[in-house]
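Trainee: I would like to take a close look at one part of this protein and then see how the rest is arranged. Please go through it step by step.

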Amino acid sequence: MGEKKVKDDPSAPSAPGYSVGDFNSTTKLAESQIISDAEYNPFEHRQIDKPNSTTGSLIHLLKSSLGTGILAMPVAFKNAGLLFGAIGTVIIGLICTHCVHILVKTSHMICQRTRIPVLGFAETAERVFQYGPAKLRPLAGFSKAFVDYALMATYFSAGCVYIVFIATSFHDVINHETGNDWSVRIYILLTMIPILLIGQIRELKYLVPFSALANLFIVVTFGITLYYIFKDPLEFDDKPMFSSFGTLPLFFSTVIFAMEGIGVVMPVENSMSKPQHFLGCPGVLNTAMGTVIVLYAVIGFFGYVRFGDESKGSVTLNLPLEDSLAVAAQILIALAILFTFGLQFYVPMDILWRKIQDKIPKNKHMISQIALRSGIMIIMGGVGLAVPELEPFIGLVGAVFFSSLGLFVPCVVETVFLWPNELGKFRWVLIKNVIFGAFSIFALVAGAYVSIKDIVALYTDDEGHTE
């Protein structure tokens with residue numbers, strides 16, 4: 001959602017068209033041409049065709065963070081231990097929230113400085129470098145391209161995880177109920193039928209009902225899951241407070257994957273009818289992320305206490321299939337993730353289509369969109385067929401893509417924008433961003449290594465194949 005998503009605004013002031021040669025010691029600027037950054041409010045100049053309400057934006061942001069990852073939280077706690085897992089989940093949640101906050105705030109400030117009503121994630125990075133330190137300005141184009149392609153890779157990869165998750169849930173339920181012995185890969189092929197349909201929705205506004213239904217299904221599933229977690233006495237004594245250093249990378253990458261919705265943030269904020277409600281207290285961001293952190297901590301902590309080392313890639317897969325209530329939970333969560341796929345697919349397709357639409361005749365836009373979307377979804381299904389295991393797949397996507405985009409890039413963007421004289425006392429903003437950036441690099445390298453090692457093991461160990 002960059003500048004192209006907003007109508008040209010004739011009321012938006014523009015910078016005077018002076019060049020260096022126009023100035024000398026006697027040059028005078030007309031008062032009407034001197035407009036400070038503070039006088040330009042980008043919110044007042046936004047003209048969005050189909051704006052979302054504050055409630056609709058909250059639903060979208062919640063849905064972007066409440067996906068398959070939250071159900072993998074017991075596995076994350078297994079890799080961290082009860083005490084470290086609980087503290088680590090809260091800390092990572094606060095870091096993710098902060099990084100989203102500084103990205104949106106920086107976007108607002110660069111919009112104000114450049115007098116552009118709205119900027120997307122990649123456009124924000126580009127403009128920050130364009131107006132940043134002179135030595136970094138040549139990197140403006142690279143920064144935009146990096147964010148664009150990284151976003152596409154991130155959300156296409158996460159979509160692959162969604163496909164595997166849906167297929168695994170139906171695999172367990174249907175095979176148990178019918179006595180079939182079909183592999184997960186067959187269910188991935190069947191899952192592609194509704195995926196190909198819902199992936200054709202192209203307007204964010206039309207995805208709100210699907211997100212609302214998905215949120216409802218998730219709440220019901222959480223209720224059922226919590227019932228099974230708490231219905232019998234919990235045993236805490238046999239659960240370690242800290243697991244091991246060797247499994248910590250999987251903990252970090254799983255939690256980051258679960259919580260990060262960085263690619264949805266800017267499109268959601270840019271499409272709001274009242275964007276001033278996004279930040280602040282309570283605000284859409286704080287309300288959504290506060291809810292997410294609490295839910296993640298509860299599901300992860302008590303889910304691990306209940307199922308221990310038997311915890312699977314989704315806590316719903318640990319529920320007893322002999323009970324109809326557990327079967328209902330598996331079906332509902334599979335449908336919830338299916339309905340979420342449209343929102344997950346919206347972000348990368350919006351980026352890709354904006355890059356290529358001018359190269360396609362307008363009378364062929366409709367058929368081109370259908371063909372392009374279908375082709376990409378088929379490729380995503382193929383990736384799912386190649387790696388039909390949830391746990392290492394989630395860890396790999398979280399480590400490689402979400403840690404870099406959700407943590408590293410916002411820190412870089414804020415630092416470049418504030419450099420060199422607005423980094424605070426003792427340059428505390430720089431110190432803070434260096435620490436967060438180092439953490440993101442650690443999560444990327446260590447998490448990717450452990451996840452790839454687990455994926456390779458699936459093909460080298462006969463017992464590792466999914467049936």
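Trainee: In which helix is K105 placed?

Mentor: K105 is placed in helix α4, which covers residues 82-114. The model is predicted, and local features need pLDDT of at least 70, side-chain atom pairs count only at pLDDT 80 or more, and totals for chains, interfaces and linings use all residues. Residues are numbered from 1 along each chain as its sequence is written, and side-chain values use heavy atoms, with hydrogens and water left out. Helices here are DSSP runs of H or I with at least four residues, and strands are runs of E with at least two, both numbered from the N terminus.

K105 has a relative accessible area of 44% and is therefore partly exposed; buried means under 20%, exposed over 50%, and partly exposed in between, with a 1.4 Å probe and protein chains only. In sequence, 174 residues separate K105 from L279, yet their C-alpha atoms are 8.1 Å apart in space.

For comparison, consider S143, which belongs to helix α6 (residues 140-178). S143 counts as buried because its relative accessibility is 7%. The S143 side chain reaches the backbone oxygen of A125 at 3.5 Å. Beyond its neighbours within four places in sequence, S143 is in contact (heavy atoms within 4.5 Å) with A125, E126 and F129.

A125, E126 and F129 are among the buried residues of α5. Helix α5 (residues 121-130) is largely enclosed by the rest of the structure, because 8 of its 10 residues are buried. The other buried residues of α5 include F121, A122, E123, T124 and V128.

Elsewhere, the second largest pocket has a volume of about 320 Å³. Lining it are 16 residues, and those closest to its centre are V75, L250, E391, P392 and D454. Helices α9 (248-259), α14 (390-418) and α15 (428-460) each give two or more residues to this lining. By class, the lining holds 7 nonpolar, 6 polar and 3 charged residues. Nonpolar covers Ala, Val, Leu, Ile, Met, Phe, Trp, Tyr, Cys and Pro, charged covers Asp, Glu, Lys and Arg, and the others, Gly among them, are polar. A pocket is an open set of points on a 1 Å grid over the protein atoms alone where a 1.4 Å probe fits, with protein on both sides within 12 Å along at least five of seven lines, and lining residues have an atom within 4 Å of a point. The volume is the space filled by probe spheres set on the points, which are joined across faces, edges and corners.

As for the whole, the protein has 15 helices and 0 strands, and 55% of its 467 residues count as buried.

Definitions and conventions. Polar contact = N/O pair within 3.5 Å; in protein donor to acceptor, adjacent residues only side chain to side chain.
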